[in-house]
Amino acid sequence: MENPEQRGQDKTLICDPTQINATQENEKIIEWEDFGHELARLWSLTSALKEANEKKLNLQEKLQYFIQVKTESLTRLNELEEMRERLVARKVMIGNMSTHCKVATEDAKKQEKMLSTELRSWLVAGTSLSVARKRLQESNRTLNEKRGYIKLKNMQRKLRARQQYMISQVSLLYPVKILVGPAQEQELESYPSSSRLGNSSVSKPINCGTLTILGLHLTMRPFTKMSFFTDKKEVQKSATALGYVAHAVSLIASYLQVPLRYPLRLGGSCSYVNDNVPPAGPTTLDFSWKTPLSATVKPVGFPLFLKGQDTTRAAYAIFLLSKDIEQLLNFIGEDSLGPRHLVANLKELLRCVQSSEFIDTS
């Protein structure tokens, strides 16, 4: 049963002229004879449309499946790529670790060789130390006896006599004399100083004159005031005299077995005196007891000549050389005459070593 409202709506729709015209245009008049053929054609079209829809659904399902498979395959490819990158990174890491292991193995072998060498040296040192300890015990046992003490004193006297002889040869190589007149020289047998016994030596000559070493006079005038009018020959003679003094001091120190506080670098008239200067900086005094002195100080050479040098540095070099002579004088129990008396201190050193008191010193 149709609803009256629907009927009214159908009537309204049919009564609309535009709709009537559209319906008339879409309508197709079919003859009765062709109705069966048209009905069959529509039926076949409906069946074909149904089959097409089914095929479309099947294709959609297959396409969805293929899309899903493709998505999964892309995901797995990404995972495989990440795994491949991780594998490459692992290979690189393993290669680095193998290289480090090889280097560590080589270092370990080198350290093992060094340790074995040090161990051998320690064993040798221990053996030599035990031998030295035995000798020391025997020496102490011998010295405890009266005869051993006398033997030691005799050995010391022989050593002193040998040192005295060698230093006397130095005094012959570099004789220090006093120039009394313009062309007359005499030996300076005594010079005012304090002896080991506390008595003053014989008074100096009436005409003191000037000291010379190997005939050369050492003057300090060019070292205090250098000018254009300074005599170049006098400067060269002073440098040569300082070279003689430095060589004599080096020989005497080696014979007495005294390491000089300010080492000498011999070069004739171009000799130097080294002074160990600590490095500049705020941590200069922060020395550790484990750090050797040679690693914290740097030797600086000061010239014992004036050619092309600063007068202040040359004067300081003469002061250091005088300190070396003072060190040797203190070693044998004598006092220095002062830093200004360089050649006089050397003469006093030679005189004291060649005296009989030097051999009798215990």
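Where is the place of Gln257? Select Gln257: the residue sits in the loop between helix 6 and strand 5 (264-265), with helices (H or I, at least four residues) and strands (E, at least two) taken as DSSP runs numbered from the N terminus. The model is a predicted one, in which local features need pLDDT of at least 70, side-chain atom pairs count only at pLDDT 80 or more, and totals for chains, interfaces and linings use all residues. Residues are numbered from 1 along each chain as its sequence is written, and side-chain values use heavy atoms, with hydrogens and water left out.

Next, select residues 232-256, which form helix 6. Its 25 residues reach 36 Å from the first C-alpha to the last, close to the 36 Å expected at 1.5 Å a residue; the expected span is 1.5 Å times one less than the number of residues.

Return to Gln257, which follows helix 6. Its phi is near 60°, a positive value in a residue other than glycine. Gln257 is exposed, with a relative accessible area of 64% (exposed is over 50%, buried under 20%, partly exposed in between; 1.4 Å probe, protein chains only).

Now display helix 8 (residues 311-331) with helix 9 (residues 342-353): their axes come within 10 Å and cross at roughly 20°. Axes are lines fitted to C-alpha atoms, for helices over the stretch in contact, and angles run from 0 to 180 degrees between N-to-C directions. Helix 8 is therefore roughly parallel to helix 9 (angles under 35 degrees). To see the contact (heavy atoms within 4.5 Å), select Ile318, Leu321, Ser322, Ile325, Leu328 and Leu329 of helix 8 and Leu342, Asn345, Leu346, Glu348 and Leu349 of helix 9.

Note on methods
Parallel < 35°, antiparallel > 145°, perpendicular 65-115°, else oblique.
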